[in-house]
Amino acid sequence: MSAVPTVRCEAVVDLAAIRHNLRAVRGLVPARVRVMAVVKADGYGHGAVAVAEAAQHAGADMLGVATLGEALDLHRAGIGGRIACWLWVPADTDLAATVAAGVEIGISSREHLAAVRRVAALRPSSRGGGVAVHLKLDSGLGRNGVGPAEFSAFAAAVLEAQRAGEIRVVGVMSHLASADVPGDDSVGEQQRTFEAAVRELAQLGISADRHLANTAGTISHPELHHDMVRIGIGLYGFDPLGGAGPPAAPALRPAMTLRASVALTKRVPAGHGVSYGLTYRTGQETTLALIPLGYADGIPRAASGRAEVLVAGRRRRIAGRVAMDQFVVDCGDDPVAVGDEVLLFGPGGHGEPTATEWATACGTIDYEIVTRIGARVPRRWVGRQTDRTAQPAEGIG
Ligand SMILES: Cc1ncc(COP(=O)(O)O)c(C=O)c1O
């Protein structure tokens, strides 16, 4: 095993875990169902380009991101294959470049359709076939997408644009509100609304890949698999159902480990206050360890006094408030030294907390814990398929 680098902090991303998770989810769906790997928000904080490559290596059929900029970044990084994006502002100046890059565009309203038609009209006629688009329907989430009341007028405008050769409908999509809540009625209601829209399009002669399910929907509702599933959080190793899914739910492996090094230790007497507001006071003479990560690095301030880290082989709760750049751990009489490794969260195999435990401690979801790890935290990718020396857990523990 190679030496563990001593760094202020780093997020170690295990690409073998990403590949494992993609394959585990693929095993849940019939072979004809395509899998879109969702790598928006810099791959939920894991690094969009590295995750995209790993997911494609493991058989992802498509990549999905939210914004035009995210799609362009993948394209400019040399990521090939199909990429779709679905959250953009109709006047966005990146639209023409994104279309020119061959990115498939989610259309959520007649304004979005009009913007794509304007770009299509300016394209050289050699780029025949029209802009590949996914029609994004609001089947009940109440967020992005065309709602049922506007759907018929929208569908007529889509037909007109397709007949004019400006667009090519390659997908019909919607997003679920509560697939992570077992037995929630909204799932069936959204499915029915979605299918009604698909039927209406079929009557107009428009048929395309249908995709509705996120990770939770894919794991717990086989009837929602349709032609494609969109996998986000599962790719990164988290079960959105928290183990409450069907027994056949796949074993996922969290891919990110957040580690740091102790920057300073000090021996202090009983009653010593710690960090802003002095909300924590030592119970007896003790060793304090300073961990050089704070809310500027994405450590939630809500973790103050609540979340645990693994230091000197033992779990310790954060003492006092998380500050912008640092927090403190009360290590008692443990022999903790400057440079010692601190594991904030990871897969849990070394006794460290998971991001899911951090989420519970902070009153949020693991999505937010990993996605918000900041740009100041270097990412290090291990377990690349081509890297014969890298073991999945290299440098961790
Ligand atoms: C439209 C869309 N599809 C799929 C996903 C992936 O969802 P999950 O991470 O729950 O699998 C997201 C993420 O929020 C999304 O916005």
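Which residues are buried in helix α4 (residues 68-76)?

A: This is a predicted model. In helix α4, which spans residues 68-76, the buried residues are L68, A71, L72 and L74. Viewed down the axis of α4, these buried residues fall within an arc of 160 degrees, so they line one face of the helix. Their packing partners are the helices α3 (48-57) and α5 (95-100), together with the strands β3 (62-65), β4 (82-85) and β5 (104-107). Just after α4 comes G78, with a positive phi of about 90 degrees.

Two or more lining residues come from each of α2 (40-44), α9 (215-220), β9 (228-231), α10 (355-362) and α11 (366-371). By class, the lining of the largest pocket has 18 nonpolar, eleven polar and seven charged residues. Domain 1 (33-235) and domain 2 (256-382) each contribute at least three residues to this lining.

The second largest pocket has a volume of about 280 Å³. It is lined by 18 residues, of which K266, S275, L290, Q326 and V328 are the closest to its centre. The strands β11 (264-268), β12 (273-274), β14 (286-291) and β17 (327-330) each give at least two residues to the lining of the second largest pocket. That lining divides into ten nonpolar, five polar and three charged residues.

Methods: Residues numbered from 1 in each chain as written. Predicted model: local features only at pLDDT ≥ 70, side-chain atom pairs only at ≥ 80, totals over all residues. Heavy atoms only, no water. Buried < 20%, exposed > 50% of the residue type's maximum accessible area, 1.4 Å probe, protein only. Helix = DSSP H or I, 4+ residues; strand = E, 2+ residues; numbered from the N terminus. Arc of directions from axis to C-beta. Contact = heavy atoms within 4.5 Å. Nonpolar A, V, L, I, M, F, W, Y, C, P; charged D, E, K, R; others polar. Domains from an automatic or database assignment. 1 Å grid on protein atoms, 1.4 Å probe; cavity = no way out; pocket = protein on both sides within 12 Å on 5 of 7 lines; lining within 4 Å. Points joined across faces, edges and corners; volume = space filled by probe spheres on them.
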